[in-house]
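These are my notebook entries on a structure that I went through residue by residue. Each entry records what I looked up and what I found.

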Amino acid sequence: MKYIVLYSSRTGNTKKIAQAMTEVLPEGTLCLPMKEAPADLSNYDCVCMGFWADKGTANNEAQKYLSRLQNDTVVLFATLGVPPQMPHALKTMAAARALLPKGQEPVGEFHCQGKVDPAVIEMMYKIFPKGHAHGQSAERDARHQMAATHPDANDLANAKAFMLAVRGKLETRDTEQF
Ligand SMILES: Cc1cc2nc3c(=O)[nH]c(=O)nc-3n(C[C@H](O)[C@H](O)[C@H](O)COP(=O)(O)O)c2cc1C
């Protein structure tokens with residue numbers, strides 16, 4: 001199986017997850033920012049695409065790559081400001097999945113929390129008044145505080161375990177087809 005890991009990352013959170021996943025893939029597996037992706041991905045058996053959540057979907061750069069992806073075997077991963085179990089996180093993953101052009105059902109999906117750029121938090125609090133859905137609130141402050149330590153060692157370990165499980169699934173599938 002030939003894998004490639006591609007990611008879009010503004011502040012480095014998603015890059016950390018991408019690198020952790022790559023550590024458990026076959027030696028020599030490429031891990032690249034999407035803008036450095038090879039033009040032709042047809043000789044990869046599995047393409048792993050990582051993005052950061054932006055307004056409830058994949059960030060713009062990732063959207064472009066996701067919507068062009070022709071490979072059948074796809075893994076999606078993401079970092080988001082909200083805790084992974086929140087409905088918003090699941091909806092964000094679903095929105096990104098819906099961008100896949102052939103209706104591919106990813107062989108695996110992983111997401112975890114990632115710290116939000118403090119400059120962006122400050123800007124949002126300036127733009128939106130308290131009481132507004134995006135304005136400052138005790139709940140929002142607590143969420144940002146919780147996100148500030150992510151991705152942490154546990155997230156990286158989970159990302160590796162996830163990718164190992166995906167490998168197991170794909171490599172067993174290939175053996176069964178043989
Ligand atoms: C402009 C902007 C929009 C964002 N929108 C969302 C969002 O809709 N939902 C969410 O959970 N996190 C959102 N976030 C938080 C990021 O997705 C999160 O911090 C992510 O880990 C950043 O990843 P990166 O370090 O790889 O760039 C947003 C961050 C920015 C800067």
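**Entry 1: Phe 110.** I looked up Phe 110 and found it buried, at a relative accessible area of 9%; buried means under 20% relative accessible area, exposed over 50%, and partly exposed in between, with a 1.4 Å probe and protein chains only. The model is predicted, so I note that local features need pLDDT of at least 70, side-chain atom pairs count only at pLDDT 80 or more, and totals for chains, interfaces and linings use all residues. Residues are numbered from 1 along each chain as its sequence is written, and side-chain values use heavy atoms, with hydrogens and water left out.

I placed Phe 110 in strand β6; helices (H or I, at least four residues) and strands (E, at least two) are DSSP runs numbered from the N terminus. I then listed its contacts (heavy atoms within 4.5 Å). Leaving aside neighbours within four places in sequence, Phe 110 touches, among others, Ile 17, Met 21, Leu 76, Met 93, Asp 155 and Phe 162. I also checked Met 163: its C-alpha lies 8.9 Å from that of Phe 110, at 53 residues apart in sequence.

**Entry 2: Aromatic pairs.** How many aromatic pairs does a search of the whole structure find? I recorded 1 aromatic pair. Phe 110 and Phe 162 form it, with 5.5 Å centre to centre and 40 degrees between the planes, which is tilted. The rule is that rings of Phe, Tyr and Trp (its six-membered ring) pair if their centres lie within 6.5 Å; planes under 30 degrees apart count as stacked, over 60 as edge-to-face and the rest as tilted. The pair links distant parts of the chain, 52 residues apart, as Phe 110 is in strand β6 (residues 108-113) and Phe 162 in helix α6 (residues 153-177). Phe 162 is also buried, at 16% relative accessibility.

**Entry 3: Leu 156.** I turned to Leu 156, which is in helix α6. Leu 156 is partly exposed, with a relative accessible area of 25%. Beyond its neighbours within four places in sequence, Leu 156 is in contact with Lys 16, Ile 17, Ala 20 and Pro 151.

**Entry 4: Thr 79.** Is Thr 79 buried or exposed? I found Thr 79 buried, at 4% relative accessibility, and located it in strand β5 (residues 74-80). Its contacts outside four places in sequence include Asn 13, Thr 14, Phe 51, Trp 52, Cys 112 and Gly 114.

**Entry 5: The ligand.** I counted 20 residues around the ligand, and the closest are Ser 9, Arg 10, Thr 11, Thr 14 and Ala 53; a residue is near if one of its heavy atoms lies within 4 Å. A polar backbone atom of Arg 10 is 2.6 Å from a ligand oxygen. A side-chain N or O atom of His 88 is 2.7 Å from a ligand nitrogen. A backbone N or O atom of Gly 114 lies 3.2 Å from a ligand oxygen. The protein covers 86% of the 640 Å² of accessible area that the ligand has on its own, by the Shrake-Rupley method with a 1.4 Å probe.

**Entry 6: Backbone geometry.** Most residues other than glycine have a negative phi, and most peptide bonds are trans. I noted that Lys 55, not a glycine, has a positive phi of about 50 degrees. Lys 55 sits in the loop between β3 (46-54) and β4 (57-58), and is exposed, at 77%. I also noted a cis peptide bond between His 150 and Pro 151, with omega about -5 degrees.

Conventions: A polar contact is a pair of N or O atoms within 3.5 Å; within protein, one must be able to donate a hydrogen and the other to accept it, and residues adjacent in sequence count only if both atoms are side-chain atoms.
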